[in-house]
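Me: I would like to go through a structure with you, one site at a time. Please keep the answers plain.

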Amino acid sequence: MAINISSTNKGAAAALSNFTPHPFIFDGVICNSMEGFLQSLKFENPEMQAHVATLVGRKAKFKGKKKKWYTTQTLYWKGISYKRDSKEYTELIERAFDAYAKNTKIQKILLSTNNAVFEHSMGNRKKNRTVLTSTEFVSNLTRIRNNIQKQKELEDELK
């Protein structure tokens, strides 16, 4: 079974959308949605970045929409610049998803999907045009779901 993640779908497909409000704290910054975090990466100023990270859904998307980060392929987090196609940027994104996975609601939603294949047909596939490709998005969701499943299995064994 495949789940096509989109805010316009229903159930887990909508709940896993980066537009859906699921608060998490990343590096001491409150992020109210994955979209807020992703859009915040377009802002060099840490105060503005912290504000954008609190936004959800379309408000977050449109706050970052006019930022032309792709002309330099540079994104920012807490005063540090990252080249979009760098190992350091990939690690930053993975750490953000790890922080996101600490949200118990996200954990429950991910576990409810069992081993379904995630898809994100709306997402952009070109790294040089988006801060997170559809492939990066679904692979990170799959990775954190696998980690949550393993943790739950360990906990169940200890009961």
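Me: Is A2 buried, exposed or partly exposed?
Reply: The model is a predicted one. In it, A2 is partly exposed, with a relative accessible area of 44%. The residue belongs to strand β1, which covers residues 2–4.

Me: Which residues is A2 in contact with, leaving aside its neighbours within four places in sequence?
Reply: A2 is in contact with V117 and E119.

Me: And how far apart are the C-alpha atoms of A2 and K108?
Reply: They are separated by 18 Å, and the two residues are 106 places apart along the chain.

Me: Turning to T74, is that one buried or exposed?
Reply: T74 is buried: its relative accessibility is 9%, and the cut-off for buried is under 20%. T74 is found in strand β4.

Me: What does the side chain of T74 reach?
Reply: It reaches the backbone oxygen of T72 at 3.1 Å. The T74 side chain also makes a polar contact of 2.9 Å with the side chain of K83. Beyond four places in sequence, T74 touches W69, S81, Y82 and K83.

Me: How does β4 run relative to β5, parallel or antiparallel?
Reply: The two strands run antiparallel and are joined by four bridges, with β5 covering residues 80–83. L75 has Y82 as its bridge partner in β5. Two residues lie between the strands of this hairpin, where K78 takes a positive phi near 50°.

Me: A change of topic: which residues of helix α3 are buried?
Reply: Q49, V52 and A53 are the buried residues of α3, a helix spanning residues 46–53. Down the helix axis they fall within an arc of 100°, so they line one face of α3. They pack against β3, α2, α4 and β4.

Me: What is found at the start of α3?
Reply: There, a side-chain oxygen of N45 comes to within 2.8 Å of the backbone nitrogen of E47.

Me: How many salt bridges are there?
Reply: The count comes to six. One of them joins the side chains of E136 and R84, at 2.5 Å from N to O. E136 lies in helix α7 and R84 in the loop between β5 and α5, so this pair ties together parts that are 52 residues apart in sequence.

Me: Are E136 and R84 buried or exposed?
Reply: E136 is buried at 14% relative accessibility, and R84 is buried with a relative accessible area of 1%.

Me: Which salt bridge does D98 form?
Reply: D98 meets R143 in a salt bridge of 2.7 Å, N to O. This pair links distant parts of the chain, as D98 is in helix α5 and R143 in helix α7, 45 residues apart. D98 is partly exposed at 34%, and R143 is partly exposed at 24%.

Me: Last topic: how many residues are in the largest nonpolar core?
Reply: It has 38 residues, and those with the most contacts inside it are F26, F37, L41, F97 and L141. Helix α5 gives the most to this core, with seven residues.

Me: Which residues does L141 touch, beyond four places in sequence?
Reply: L141 touches I5, L16, F97, Y100, L110 and F118.

Technical notes. Residues numbered from 1 in each chain as written. Predicted model: local features only at pLDDT ≥ 70, side-chain atom pairs only at ≥ 80, totals over all residues. Heavy atoms only, no water. Core = buried A, V, L, I, M, F, W, Y, C linked by side-chain atoms within 4.5 Å. Buried < 20%, exposed > 50% of the residue type's maximum accessible area, 1.4 Å probe, protein only. Contact = heavy atoms within 4.5 Å. Polar contact = N/O pair within 3.5 Å; in protein donor to acceptor, adjacent residues only side chain to side chain. Pairing = 2+ DSSP bridges. Arc of directions from axis to C-beta. Salt bridge = Lys/Arg side-chain N within 4 Å of Asp/Glu carboxyl O.
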